[in-house]
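Visitor: Please take me through this model feature by feature, giving the general idea before each case.

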Amino acid sequence: MTDKKSLSPSLARVAQGDLCAGCGACAGLFPEQIRMEAQGRGWLRPVQSAPLSEREDRTIAAICPGLGQTVEADGRPDPVLWGPHVSVQVGWAVDPEVRHAGSSGGALSMLLIHLLETGEVDAVVQTAAAPDLAIGNATVISTSAEDIVAAAGSRYAPSAPLDGLSRLAADGRRFAFVGKPCDAAALRALIAVEPKYGQIFPVILSFFCAGVPSHSGGMEVLGALGTSLDQVDRFRFRGNGWPGRATAVMKDGTERSMSYHDSWGRILSRHLQHRCKICADGTGIAADLVCADAWESDEAGYPVFDDAEGTSLFMARTEQGARILAAAQGRGRIRTEDFDLPSLTGIQPGQRERRRALLARLLALRLAGRPIPRYRGLQILPAARQNTIRKNLRNFAGMLRRSLFRRRS
Ligand SMILES: Cc1cc2nc3c(=O)[nH]c(=O)nc-3n(C[C@H](O)[C@H](O)[C@H](O)COP(=O)(O)OP(=O)(O)OC[C@H]3O[C@@H](n4cnc5c(N)ncnc54)[C@H](O)[C@@H]3O)c2cc1C
Ligand code: SF4
Ligand code: SF4
């Protein structure tokens, strides 16, 4: 471990504000000096073991999503809650096996298979279950449809898919990248400062993200299933149906499972990292194409989590994203239908509430003297104006209380 004096000022600021999203970009770019390590309740965090040059520190400052994110709409429609985009549709993978294996409609997996089969990329960088930790994640390189289906399904646990950046840069292949919105933001920012990464990662895909739970969250799910890590062979957070059940396959071959409503709603969503609570972009603004759950809604407009055939939302953020989706449709890989964007506000309550609460939370952190990310072009004030004064005050007071408590303890 490096001494405090030679700690990168950028990483020091991230640590001081507990702003790390765990994307792995800093460790991926500078593997001689930084590695990712599970810390605390099981978050992936950078550990610096040797000094960085000023130039290297500047690169981290420019790309780290914990320190900020800049968005430019460049003439695209830019609704306050959902950000710049080119098109929005709903749909699903036409292949029933992929649709079933996926988290929602198997859309991301089908698009990845399409990109591989058409030769648009040579391989895919994505996240799958860790071989040595059933509730954990590992970054994998997929080169076949089988690999991609094996990695399908959301994994509500820390992932650092950018942790192999310099290794991949030396690899010579072109990769499609799939990651959380913060991962996509880091990669897009890296391409802006080092354009060669645009050739290495010509396609960036992402998904809506409500936040990453710690490994403690996964352990608590196992506990609620009456088991523990040492008895579990494999674990899926969801998928194999929509939304699919959190399922532990035991070493004796039996299975234990619980509903998405219980696993995410009652347990995992209570284990989110701090950065996720002040996330200005949980909808993948930096990606080419983003997928999400296109939940059915009840009469009050709220999402219904009854098991059904999966349906995904497709939000093309760039012309390239729209072209890839159209090509996958043209080859009969994806089927889509029109979607009425305003209805997204009802079926994505987590995204809606966090965007509206963000300004109040950031102001509370500033008042408590804690560093916050520098957000540009993310319409934070217009989003806060959509909230009631009461809700803004409640979010402000809650964040201030937690920050002051953290400082005391
Ligand atoms: C932490 C998290 C929070 C989410 N929050 C929301 C939300 O608020 N609203 C919403 O609509 N959808 C959310 N989703 C996404 C949703 O669950 C589906 O993944 C999305 O609808 C795409 O479904 P699909 O069937 O197209 O994806 P699939 O075909 O199942 O493909 C999923 C892809 O995501 C990758 N992946 C899975 N877990 C991770 C991870 N932890 N880190 C990086 N990559 C990963 C896989 O490698 C795979 O490529 C979240 C997913 C995650 C992992
Ligand atoms: S958010 Fe990513 S780049 Fe920033 S410190 Fe964490 S792992 Fe490194
Ligand atoms: S909520 Fe935001 S910061 Fe947290 S993992 Fe998702 S995209 Fe990253």
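This is a predicted model: local features need pLDDT of at least 70, side-chain atom pairs count only at pLDDT 80 or more; totals for chains, interfaces and linings use all residues.

Visitor: How many of the residues of E2 are buried?

Guide: In general, burial is a count of C-beta atoms placed from the backbone: a residue is buried if 20 or more others lie within 10 Å of its own, exposed if 12 or fewer, and partly exposed in between. By that count, five of the six residues of E2 (residues 43–48) are buried, so this strand is largely enclosed by the rest of the structure. Another case is strand E6 (residues 133–142), which is mostly covered, with seven of its 10 residues buried. E6 pairs with E5 in the antiparallel sense over seven bridges, Ala128 standing opposite Ala138 in E6, and the hairpin that E5 and E6 form has two residues between them.

Visitor: Which residues of helix H11 are buried?

Guide: In H11 (residues 260–267) they are Tyr260, Ser263, Trp264 and Ile267. Viewed down the helix axis they fall within an arc of 130°, so they line one face of H11; the arc is taken over the directions from the axis to the C-beta atoms. The face turned away from this buried side carries the exposed residues His261 and Gly265.

Visitor: What covers the buried residues of H11?

Guide: Here the idea is contact, which holds for two residues if their C-beta atoms, placed from the backbone, lie within 7 Å. The cover of H11 includes helix H10 (215–224), strand E10 (246–250) and strand E11 (255–258).

Visitor: Is Lys251 buried or exposed?

Guide: Lys251, which has its place in the loop between E10 and E11, has 11 other C-beta atoms within 10 Å and is therefore exposed. Beyond residues up to four places away in sequence, Lys251 touches Gln231 and Asp233. Ala27, found in helix H2 (residues 25–29), counts as buried because it has 24 C-beta neighbours inside 10 Å. Leaving aside neighbours within four places in sequence, the contacts of Ala27 are Ile34, Arg35, Met36, Pro46 and Asp163.

Visitor: Which residues come nearest to ligand 2?

Guide: A residue belongs to the surroundings of a molecule if its C-beta atom, placed from the backbone, lies within 6 Å of it. Of the 14 residues around ligand 2, the nearest are Cys20, Cys23, Cys26, Cys64 and Gly66, and the elements giving two or more residues to this shell are helix H1 (9–17) and H2. For classes, Ala, Val, Leu, Ile, Met, Phe, Trp, Tyr, Cys and Pro count as nonpolar, Asp, Glu, Lys and Arg as charged, and the others, Gly among them, as polar; the shell of ligand 2 then has 11 nonpolar, three polar and no charged residues.

Visitor: How do the residues around ligand 1 divide by class?

Guide: They divide into 15 nonpolar, 19 polar and three charged. Among the 37 residues surrounding ligand 1, the closest are Gly102, Ser109, Ser159, Ala210 and Ala292. The shell around ligand 3, which includes Cys182, Cys209, Cys276 and Cys279, draws two or more residues from each of helix H8 (181–193) and helix H12 (274–277).

Visitor: How many helices and strands does the chain have?

Guide: There are 17 helices and 17 strands. The radius of gyration, taken over C-alpha atoms, is compared with a globule rule of 2.2 Å times the number of residues to the power 0.38; the chain has 20 Å, close to the 22 Å that the rule gives for 409 residues, so it is as compact as a globular protein of that length.

Notes. Residues are numbered from 1 along each chain as its sequence is written. Chains are lettered from A and ligands numbered from 1 in the order in which they are written. Helices (H or I, at least four residues) and strands (E, at least two) are DSSP runs, numbered from the N terminus. Two strands pair if DSSP finds at least two bridges between them.
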